Amino acid sequence: QVQLQESGPGLVKPSQTLSLTCTVSGGSITTAYYYWNWIRQSPGKGLEWLGAISYEGNDYYSPSLKSRTSISRDTSKNQFSLQLSSVTPEDTAVYYCARGDYMKNYDYRGQGTQVTVSS
């Protein structure tokens, strides 16, 4: 059973960088052919895919957020991380990490972490 757990600050000030980490247990982030994703859901909106890092370490981003997003991994800790820069209150959302395939079919997802952008 694969488990994912998000961690990071719940409150970020506008213009700062949001940083979250996803710790994975029960499976390796280097196992072919999985992609490790960051997704968010804002109040009243659907799920929004932010980006992913592949089992090979290649990163992929949503075109609308690419200029502000960076995803990295630490294979020694079996973790992957999200950085979203220059945040605004519109980035307030519940952030999830999830395992999926190249078609963004997710089979495991973390419980989510609320991040609020406010001064």
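Visitor: Hi! How many helices and strands are in the protein?
Guide: The protein has zero helices and 11 strands. Both are DSSP runs, numbered from the N terminus: helices are H or I with at least four residues, strands are E with at least two. This is a predicted model, where local features need pLDDT of at least 70 and side-chain atom pairs count only at pLDDT 80 or more, while totals for chains, interfaces and linings use all residues. Residues are numbered from 1 along each chain as its sequence is written, and side-chain values use heavy atoms, with hydrogens and water left out.

Visitor: And what pattern does the protein follow along the sequence?
Guide: Read in sequence order, it goes β-β-β-β-β-β-β-β-β-β-β.

Visitor: What box do the C-alpha atoms fill?
Guide: Roughly 40 × 25 × 25 Å, taken along the principal axes.

Visitor: What share of the residues count as buried?
Guide: Of the 119 residues, 40% do. Buried means under 20% relative accessible area, exposed means over 50%, and partly exposed is in between (1.4 Å probe, protein chains only).

Visitor: What about the accessible surface?
Guide: That comes to about 6300 Å², and 46% of it belongs to carbon and sulfur atoms. The areas come from the Shrake-Rupley method with a 1.4 Å probe; for residues, only the protein chains shown count as cover.

Visitor: Let's switch to salt bridges. How many does the count come to?
Guide: Four. The rule asks for a side-chain nitrogen of Lys or Arg within 4 Å of a carboxyl oxygen of Asp or Glu.

Visitor: Which residues are linked in a network of salt bridges?
Guide: Arg40, Glu48, Arg68 and Asp91 are. One of the bridges joins the side chains of arginine 40 and glutamate 48, at 2.7 Å from N to O. Arginine 40 is buried at 5% relative accessibility, while glutamate 48 is partly exposed at 26%.

Visitor: What does arginine 68 form a salt bridge with?
Guide: Aspartate 91, with the closest N and O atoms 3.0 Å apart. This pair links distant parts of the chain, 23 residues apart: arginine 68 is in the loop between strand 6 (59-61) and strand 7 (69-74), and aspartate 91 is in the loop between strand 8 (79-84) and strand 9 (93-100).

Visitor: Is aspartate 91 buried or exposed?
Guide: Aspartate 91 is buried, with a relative accessible area of 2%.

Visitor: How far apart are the closest N and O atoms of arginine 99 and aspartate 107?
Guide: They are 2.6 Å apart, in another salt bridge. Arginine 99 is buried at 9%, and aspartate 107 is partly exposed at 42%.

Visitor: New topic: which peptide bond is cis?
Guide: The one from alanine 32 to tyrosine 33 is cis, with omega near -5 degrees. Look for tyrosine 33 in the loop between strand 3 (18-25) and strand 4 (35-41).

Visitor: What's the phi of serine 15?
Guide: About 80 degrees, a positive value although serine 15 is not a glycine. You'll find serine 15 in the loop between strand 2 (11-12) and strand 3, and its relative accessible area of 58% makes it exposed.

Visitor: And the phi of lysine 104?
Guide: Phi is near 65 degrees there, positive in a residue other than glycine. Lysine 104 sits in the loop between strand 9 and strand 10 (106-109), and is partly exposed at 38%.
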